[in-house]
Amino acid sequence: MRMFRILLCAASAFACWTAQAQQAYPSRPIRIVVPFPPGGTSDILSRLIGLKLTEKWGQPVVVESRPGAAGAIGVEVVAKSAPDGYTLVLSDLGVLVILPVLYPKTPYDVHDFASITTISYSPHLLCVHPNVPVSTVPQLIALAKQRPGALNYASSPAGAPYLAGLQFAHRTGIKWEYITGRGGAQSIMDVMTGQADVLFNGMLATLPPVKSGRLRLIAVTSEKRHPSLPDTPAVAEFLPGFLTGSWQGLLAPARTPPEIVATLNAEVARVLFSPDMKARLQTQGADPIGTPPADSTKFLRDERDRFTKLVKETGYKPQ
């Protein structure tokens with residue numbers, strides 16, 4: 001009986017400690033892993049959100065860049081981290097759904113994560129180096145058909161921008177060479193320096209070099225013209241139904257307590273829809289979303305199915 005009482009007291013103490021730990025969340029610094037080099041859409045969003053969360057909680061939110069293997073290295077780090085809410089990943093959702101589709105041996109899939117929220121949608125911008133002699137979608141298609149394989153397309157080796165280029169080529173019957181770098185920031189640099197000719201990339205990261213004249217903007221990949229770029233046509237005006245973009249998500253390791261996921265979801269949504277943050281994102285071409293965890297989980301799985309179908313339709317084989 002004495003041993004039973006000891007065990008009962010220990011269990012009660014553990015339950016109280018667990019409840020207190022969850023109520024006190026966060027009680028130490030939080031790490032947001034970005035699986036790409038600094039300067040891309042995921043990095044920009046992580047730092048903007050992390051600063052706001054730090055101000056609210058009084059705990060540092062540290063952004064850690066862990067690039068490599070098309071994003072798989074950083075994502076795997078989070079998948080294998082303790083499910084305690086202190087290690088998160090913020091990434092283009094393509095890394096979470098496209099890599100496992102293209103490479104079945106990728107050491108994670110969507111089931112290894114607890115989705116916190118889909119943060120934002122940023123349409124891709126279709127851009128070329130200023131020396132490429134085109135300024136419209138039809139002109140780009142015509143040039144690519146005149147010179148099959150001569151244009152170099154820049155992107156990460158597996159991600160939403162890569163499949164945007166694959167989808168565009170498939171729909172138009174053109175061929176171009178894929179120059180794969182380490183992420184969106186590297187792809188932008190490759191086109192700005194003339195190492196590549198064309199790219200699709202998230203609007204948030206790509207709009208600044210467009211405004212400075214280092215990239216020539218051809219079109220946007222939202223369903224229709226984007227409010228911040230009313231004079232820029234949508235690709236869908238020439239290729240009906242063409243829709244691509246960068247959907248950014250925040251995720252934790254699977255089995256993270258639902259209470260912590262709910263706390264993170266509520267606070268990130270608050271940040272995203274605060275007047276200053278919402279205005280800042282929309283000015284730069286990113287639309288805040290802030291979906292509940294269940295909706296974000298469904299979106300991830302739907303995207304995986306969509307990309308699986310696209311890969312089958314194009315007959316794409318990873319090199």
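This short talk covers a helix pair, the cavities and a salt bridge. Keep in mind that the model is predicted.

Let's start with the helices. Two packed helices are described by the angle between their axes and the distance between the axes. Take helix α2, residues 41–57, and helix α10, residues 275–283. Their axes come within 12 Å. They cross at roughly 170 degrees. Angles over 145 degrees count as roughly antiparallel, so α2 and α10 are roughly antiparallel to each other. Which residues make the contact? From α2, they are Leu45, Leu48, Ile49 and Lys52. From α10, they are Asp276, Met277, Arg280 and Leu281. By class, that contact has five nonpolar residues, three charged and no polar ones.

Next, empty space. Rolling a probe the size of a water molecule over the atoms shows where it is left. How many cavities of 30 Å³ or more does a search of the whole structure find? Three.

Last, salt bridges. Side chains of opposite charge can pair when their charged atoms come close. This structure holds 12 salt bridges. One joins the side chains of arginine 31 and glutamate 64, at 3.1 Å from N to O. Arginine 31 lies in strand β1, and glutamate 64 in strand β2, so the pair ties together parts that are 33 residues apart in sequence.

How values were computed
Residues numbered from 1 in each chain as written. Predicted model: local features only at pLDDT ≥ 70, side-chain atom pairs only at ≥ 80, totals over all residues. Heavy atoms only, no water. Axes fitted to C-alpha atoms, helices over the stretch in contact; angles between N-to-C directions. Helix = DSSP H or I, 4+ residues; strand = E, 2+ residues; numbered from the N terminus. Parallel < 35°, antiparallel > 145°, perpendicular 65-115°, else oblique. Contact = heavy atoms within 4.5 Å. Nonpolar A, V, L, I, M, F, W, Y, C, P; charged D, E, K, R; others polar. 1 Å grid on protein atoms, 1.4 Å probe; cavity = no way out; pocket = protein on both sides within 12 Å on 5 of 7 lines; lining within 4 Å. Points joined across faces, edges and corners; volume = space filled by probe spheres on them. Salt bridge = Lys/Arg side-chain N within 4 Å of Asp/Glu carboxyl O.
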